[in-house]
Amino acid sequence: MPVAASAIYFLNLRGDVLINRLYRDDVGGNMVDAFRMHIMQTKELGTCPVRQIGGCSFFYMRISNVYIVIVVSSNANVACAFKFVVEAVALFKSYFGGAFDEDAIRNNFVLIYELLDEIMDFGYPQNLSPEILKLYITQEGVRSPFSSKPSDRPVPNATLQVTGAVGWRREGLVYKKNEVFLDIVESVNLLMSSKGSVLRCDVTGKILMKCFLSGMPDLKLGLNDKIGLEKESQLKSRPTKSGKTIELDDVTFHQCVNLTRFNSEKTVSFVPPDGEFELMKYRITEGVNLPFRVLPTIKELGRTRMEVNVKVKSVFGAKMFALGVVIKIPVPKQTAKTSFQVTSGRAKYNAAIDCLVWNPNHSPISAPSIFQSPDEFIILY
């Protein structure tokens, strides 16, 4: 279900209404008084961004020194509401030159009212693309003296992007050299017991692309997804291809991806936006190979002393290496003195974060650290 917002309010830190817009008549005009009395004055703003008061739900978010509050009287989609707020703030910043605060709202209240009428209709979100809205809302906002200058990029055809399927790419792009860059960034989250057994492990990753292509290209990206390959083999009545497969638990795509083709063919097909963008995000919980194994040993030497032996061993192949390896070992906040004994690299105590920061391959030159397998490092303190 969409947002179906009944009203939206822009408040300053004192609770004064800067701008408000009523989209439905199912809430009264004094709903902001309930928000100010039951939430702002009780200092519970940081506890939860969603509150229910008198049969109405309040979704609020603080941007700079402004609170944006959406009032909903029905069971609405909370994630959609906050996504609308984030996209609306990005739209306002594009008109105001990058600034969004109380002064920017007061200086541009006429423009904001006009934008609110366009980006939400009867409480339902509409098009929030700055490139499209600037075609027929040509009024320029009052810019901050520190804001960036407006870009002179050519704008796309409004009718094509509002009614068509490619609202993220303009026509007429021409490059002398067509190039596509793809980066995969992954983060491994691991919880290990004191005996060395893995309690929980998952990998969150994202695929970043940078495209400089002419025209309207249709790109395809194949994934070694276990479920997708098994479904493809069943449809084509042939055995599954041999090779390593992964099982993706959660996948989130950019709006340019053709979801219908992905569901039927398990192929990521898309017309890419121009420039840099995030194609997809995913999460993996099965079949995760850990890059390192950490073996700590802790001994208490009285009431005020302790000895920690940390052994880090790489478990990836001998032909692979890791760059910029930094190991942080938390220590008690009351730590007064530390001493180190490392087999490689350097270690130091950082009192600001209450951690021992150990660089196994520290070098005085500016080259990045290299952790190449098989390697094993030990730190004692």
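**The open sheet and its surroundings**

Reply: The part to look at is an open sheet of 4 strands in the order S8-S9-S13-S11, with antiparallel pairing. Strand S8 (179-192) and strand S11 (250-253) stand at the edges and have a single partner strand each, so one side of each is left without a neighbour in the sheet. From one strand to the next, the twist averages 15 degrees. Angles such as this run from 0 to 180 degrees between N-to-C directions, and the axes are lines fitted to C-alpha atoms, for helices over the stretch in contact.

This is a predicted model, in which local features need pLDDT of at least 70 and side-chain atom pairs count only at pLDDT 80 or more, while totals for chains, interfaces and linings use all residues. Residues are numbered from 1 along each chain as its sequence is written, and side-chain values use heavy atoms, with hydrogens and water left out.

Helices (H or I, at least four residues) and strands (E, at least two) are DSSP runs, numbered from the N terminus. Two strands pair if DSSP finds at least two bridges between them. Strands of a sheet pair through backbone hydrogen bonds, either parallel or antiparallel.

Within the sheet, strand S9 (residues 198-212) and strand S13 (residues 275-284) run antiparallel and are joined by 9 bridges. Thr204 stands opposite Arg283 in S13. Cys201 counts as buried because its relative accessibility is 15%; buried means under 20% relative accessible area, exposed over 50%, and partly exposed in between (1.4 Å probe, protein chains only). Cys355 is buried as well, with a relative accessible area of 12%. A disulfide is a pair of cysteine sulfur atoms within 2.5 Å, and a search of the whole structure finds 0 disulfides.

Another antiparallel pair is made by strand S19 (residues 346-350) and strand S20 (residues 355-359), over 5 bridges. Lys348 has Val357 in S20 as its bridge partner. S19 and S20 form a hairpin with 4 residues between them, and Asp354 in the turn has a positive phi of about 55 degrees.

Turning to a helix, H2 (residues 78-96) has 19 residues and reaches 27 Å from its first C-alpha to its last, close to the 27 Å expected at 1.5 Å a residue. The expected span is 1.5 Å times one less than the number of residues. At the start of H2, a side-chain oxygen of Asn77 comes to within 3.1 Å of the backbone nitrogen of Ala79. The buried residues of H2 include Ala81, Phe82, Phe84, Val85 and Ala88. Just after H2, Gly97 takes a positive phi of about 85 degrees.

Ser6 is found in the segment before strand S1 (7-12) and counts as buried at 0% relative accessibility. The side chains of Ser6 and Ser73 are joined by a polar contact of 3.5 Å. A polar contact is a pair of N or O atoms within 3.5 Å; within protein, one must be able to donate a hydrogen and the other to accept it, and residues adjacent in sequence count only if both atoms are side-chain atoms.

As for the whole, the protein chain has 8 helices and 22 strands. Of its 381 residues, 34% count as buried.
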